[in-house]
There are 2 protein chains.
Amino acid sequence: MSKKKKRIVVIGGSAAGPKAAAKARRIDDDADVIILQKDADLSMASCGYPYYVGGYFDDRNMLLSTSTGVTRDPQFYLNAKAIDARTNTEVTSIDRKNHTVTFRNLLTDETGTMEYDKLIIATGSIPQLPPVPGTDLEGITTLQSMKDADFLRGIREEQTIKKAVVVGGGLIGIETCEALQLAGIEITVIELLPQLLTFLDWELAKLVESHVKSKSANVITGNGIAGFLGENGTLTGVKLQNGTELPCELAVVAIGVRPNVRLAKEAGITIGERGGIAVNEYMQTSDPDIYAVGDCVEVLNLITGKNVHAPYGDLANLQGRVAGENAASDKNNVKFPGTIQTGICKVFDYSAGATGLSESMARKLGYEDIITVINASPDKPNFMDGLLLVTKLVADSKSGRILGAQCIGPGNVSRQIAQWAMAIQGKLTVEDIVNSDLPYAPPFSLAIDHFIATAHIMQNKMKGRMKSITAMEVRNIPKSGNDTLLLDVRGPDEYEEMRLGIGETLIPLGALRKRLHELPEDKDKEIITFCKISLRGYEAAIVLEANGWNNVKVMEGGIMAWPYAREK
Amino acid sequence: MSKKKKRIVVIGGSAAGPKAAAKARRIDDDADVIILQKDADLSMASCGYPYYVGGYFDDRNMLLSTSTGVTRDPQFYLNAKAIDARTNTEVTSIDRKNHTVTFRNLLTDETGTMEYDKLIIATGSIPQLPPVPGTDLEGITTLQSMKDADFLRGIREEQTIKKAVVVGGGLIGIETCEALQLAGIEITVIELLPQLLTFLDWELAKLVESHVKSKSANVITGNGIAGFLGENGTLTGVKLQNGTELPCELAVVAIGVRPNVRLAKEAGITIGERGGIAVNEYMQTSDPDIYAVGDCVEVLNLITGKNVHAPYGDLANLQGRVAGENAASDKNNVKFPGTIQTGICKVFDYSAGATGLSESMARKLGYEDIITVINASPDKPNFMDGLLLVTKLVADSKSGRILGAQCIGPGNVSRQIAQWAMAIQGKLTVEDIVNSDLPYAPPFSLAIDHFIATAHIMQNKMKGRMKSITAMEVRNIPKSGNDTLLLDVRGPDEYEEMRLGIGETLIPLGALRKRLHELPEDKDKEIITFCKISLRGYEAAIVLEANGWNNVKVMEGGIMAWPYAREK
């Protein structure tokens with residue numbers, strides 16, 4: 001009854017690879033499971049690097065150990081999982097015809113060839129560098145590897161660096177910015193695009209940018225890097241595309257990553273149109289005996305039906321689990337359906353998250369029937385120290401189906417985005433969400449959770465009850481024309497404390513019904529109402545409409561979602 | 001073109017009533033909208049009472065004001081919403097034939113009659129009192145009204161009460177226990193049933209009970225109250241059904257509430273089988289001109305298809321919104337589909353939440369095809385100070401559809417329960433959830449979120465890969481028989497620090513493959529594996545099965561979900 005042992009070889013030992021190996025082992029206790037890992041470490045919690053650099057914890061080994069403190073080294077893999085994990089071992093080629101890989105030990109330079117029955121490629125991604133002069137200067141790094149994390153942590157501890165530049169204002173760039181700021185370094189973030197965090201739409205990204213700046217980190221958007229400046233091989237500054245020169249002793253480049261597909265490509269495995277290894281829903285490549293997982297693949301976006309490169313640590317683990325099971329089984333058993341590109345990051349005292357499509361992504365993809373709304377409110381009652389959340393919801397204007405949501409602020413963004421992600425996964429519509437039954441108690445949420453209230457506002461908008469206008473549209477109204485009445489309906493105290501200063505008139509909601517005579521006689525005149533978060537703004541609009549004004553709009557999200565500077 | 005103004009009368013001004021009135025006003029700016037409120041206050045954040053008593057905040061007015069600090073009094077309702085809200089005004093009868101209500105001013109004793117076109121009943125619920133002697137003694141209260149909250153807050157401030165008893169270990173009882181403990185009072189919670197918080201299954205409730213006890217609050221379960229003891233009309237103690245007498249100067253009764261349906265019943269409106277006012281999905285009673293909302297109604301449980309009394313503040317608001325719109329419209333426009341009975345409460349440093357059905361509820365309702373699993377893990381990586389979560393998932397064993405989930409612990413229970421609630425609302429199955437795309441970054445969750453990992457374990461169990469056993473079943477194995485090997489597969493350090501002490505043998509997972517010869521020769525012998533959370537326990541079981549032992553079970557949730565006392 002004895003049959004030949006199956007040999008499953010995994011290339012890559014960071015996240016997806018070890019997960020695939022562990023799952024394969026659990027499915028087939030008899031198989032040979034081998035991990036070939038180029039780096040010195042195994043199963044690194046790479047998403048934790050910024051928090052190590054930022055000093056949230058000091059024990060480097062926590063990035064490399066199980067929850068009970070056991071280091072995930074080759075000995076651990078051998079003893080606990082009977083997996084042969086070889087570090088410092090780089091795979092140099094794949095021979096699909098002969099079912100072998102060649103490898104080289106980076107410490108001893110020894111080379112070898114190994115047969116496989118099933119191969120799982122988890123070669124990850126490569127950080128991109130800008131095509132400018134000076135990238136080889138000392139003092140330029142990425143934050144992609146354990147080595148990078150060690151280097152930046154060392155800088156934190158030496159306290160010799162005064163000024164640093166982060167090139168790229170995406171998720172890793174922002175996390176790095178926070179980490180270095182916490183290390184006491186003066187930071188400037190440089191972003192070529194007009195905004196940080198492109199998974200957010202512009203107006204939410206600007207609110208995050210204001211928060212970053214409030215933490216004494218400089219942000220320059222709409223201006224890319226033209227070159228790194230140096231003396232004697234060492235970085236002394238960066239030059240921007242507009243000519244500005246910024247002196248700095250450290251530059252962290254975080255302008256994105258591309259799938260590391262060299263091995264797969266050289267072996268003739270199909271590469272997808274997004275540059276990642278093409279896989280089917282079983283995480284199987286164009287070669288049925290070869291699977292690929294993690295940052296080196298491209299996967300289906302479940303909303304658009306198009307492939308995307310989605311280098312997220314959680315997806316890498318889920319994909320590893322699927323490929324591990326399929327590779328260890330007689331046939332493909334389990335599927336990874338795809339991604340809705342859910343993400344979140346901590347930005348000092350704010351969080352910023354998104355799931356599904358932003359408005360700008362949706363428009364770029366050619367969606368036309370889209371409707372959006374912005375909601376601003378605390379996450380909990382004021383008496384429980386509620387903190388602000390600002391959400392932008394994107395839905396299909398015909399079916400009401402949720403296409404995406406973004407949320408930012410000091411409040412509990414994580415729960416909000418998790419709820420939207422599950423709503424998208426359940427293919428729910430705005431109408432499905434308006435009566436959601438969520439966990440409510442004052443320490444956790446408002447009686448009507450921010451998520452549900454966002455759906456309520458969208459419902460009012462879709463039913464034509466609320467005509468609204470965005471802050472950007474309000475900003476573009478000429479101040480001098482006097483064709484529009486901007487009506488702030490908050491109380492006088494609130495107005496004294498904080499105001500936009502864009503020519504608005506103050507009439508508190510509570511006085512509005514008695515002061516209608518102060519409003520324009522011309523009932524066709526455009527009136528834009530708002531308050532702190534635009535709930536009272538909405539009620540004011542209803543009062544005005546009921547009294548004959550027929551061109552009334554509510555400014556979405558009110559003052560809390562205003563992405564520009566305020567007068568006060 | 002002028003038509004007669006519609007008059008919408010709302011009976012009750014706590015939560016559902018004001019919400020209904022406000023929505024009615026927004027739908028029909030022309031209607032007369034009147035709230036008749038028996039209490040002196042309006043729109044009280046009653047779920048916040050325990051936190052006011054407990055001293056989370058000191059300004060009583062925060063319970064009665066908008067997020068910008070405006071008190072929701074009659075003047076506010078008149079000015080901001082054009083709603084005529086009359087406090088201290090008790091409705092004494094409903095005359096359906098004549099479309100009128102009679103009312104009495106509790107301050108002036110004046111009475112009156114008022115016509116309505118549409119009536120919305122929001123009379124709330126009445127706290128139940130135990131049918132025992134002494135309930136009229138001074139020193140016995142509930143925590144249901146603003147008056148109760150004022151009374152208990154006064155006790156906090158006077159600091160004269162030393163010992164109190166909370167009768168009832170449900171949600172309000174536990175919140176009250178925490179509030180009074182924070183007020184420096186020695187507390188005993190008395191619960192007739194064998195456990196606290198009956199929305200949880202027994203084993204999770206026991207973990208919460210241990211936590212309550214760790215905060216120096218006494219808990220007595222399985223023992224009801226036989227009577228209140230007093231001297232000169234004042235409470236001096238309580239007597240339990242087993243004869244125990246506990247001296248105390250204060251007793252807070254929290255044994256549940258029943259719908260306040262007297263007015264509706266007297267008017268001949270249909271009362272449902274759960275004792276609440278019967279309503280259809282439009283929140284309309286048996287009289288088409290009368291709606292009812294909030295704690296006085298019974299609503300559909302969306303999972304069971306049966307009616308339930310679900311007195312939750314969030315549902316009251318959602319129902320109010322629906323009834324307000326329907327009452328103000330020409331026809332019923334919007335629906336409240338029902339509840340999945342999602343709830344959460346803070347219990348000192350723990351949270352406890354549930355959505356859908358618990359196992360015991362499901363069994364009571366006659367569900368047979370159910371499968372459950374327990375998962376224990378941190379909510380975040382250890383290096384980000386992850387905190388424990390223990391989840392019990394209940395699913396349909398044939399379809400895999402999620403029937404319910406409970407979660408407790410110091411970790412982020414709120415996000416977990418919100419995710420399960422949305423999964424139930426989306427009618428998702430275990431298979432749908434295993435590849436969920438949720439917001440992951442180390443400050444917010446594990447790479448594989450606890451929610452997804454719970455689905456993974458359930459999937460392994462449903463596929464027959466993991467045979468498991470509950471802690472209760474393990475507890476019932478006779479120690480002396482020696483027919484079962486209890487195998488703790490953690491490390492020696494962990495064993496020294498904490499262990500069950502139920503006759504277990506320690507063989508660390510990392511050493512297991514080399515020490516198989518120490519295991520029973522009889523391959524049919526029952527072996528139960530476990531670790532801290534039973535992930536290593538699961539891996540150990542796979543190793544044993546692969547080596548021929550065929551009666552291996554994993555103890556679900558491991559030591560962290562063990563609901564009994566440990567040796568260490």
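Trainee: What span should helix α12 of chain A have, and what are its end C-alpha atoms apart?

Mentor: Its 13 residues, 450-462, should span 18 Å at 1.5 Å a residue, and the end C-alpha atoms are 18 Å apart, which agrees. The expected span is 1.5 Å times one less than the number of residues. Helices are DSSP runs of H or I, at least four residues, and strands are runs of E, at least two, numbered from the N terminus. This is a predicted model; local features need pLDDT of at least 70, side-chain atom pairs count only at pLDDT 80 or more, and totals for chains, interfaces and linings use all residues. Residues are numbered from 1 along each chain as its sequence is written, and chains are lettered from A in the order in which they are written.

Trainee: How many residues of α12(A) are buried?

Mentor: 11 of the 13, so the helix is largely enclosed by the rest of the structure. Buried means 20 or more other C-beta atoms within 10 Å of the residue's own, with C-beta atoms placed from the backbone. Among them are Phe451(A), Ile457(A) and Lys461(A).

Trainee: What do they pack against?

Mentor: β24 (370-378), β25 (388-396), α10 (413-425), α11 (430-433) and β27 (468-469) of chain A.

Trainee: Switching topic: how many residues of chain B are in contact with chain A?

Mentor: 75 residues of chain B, with 75 of chain A. Contact means C-beta atoms, placed from the backbone, within 7 Å. On the chain B side, α10(B) gives the largest share, 9 residues.

Trainee: And which residues does Val208(B) contact, leaving aside neighbours within four places in sequence?

Mentor: Leu196(B), Leu197(B), Leu200(B), Val347(B), Tyr350(B), Ala352(B) and Ile408(B).

Methods
Contact = placed C-beta atoms within 7 Å. Buried ≥ 20, exposed ≤ 12 C-beta atoms within 10 Å, placed from the backbone.
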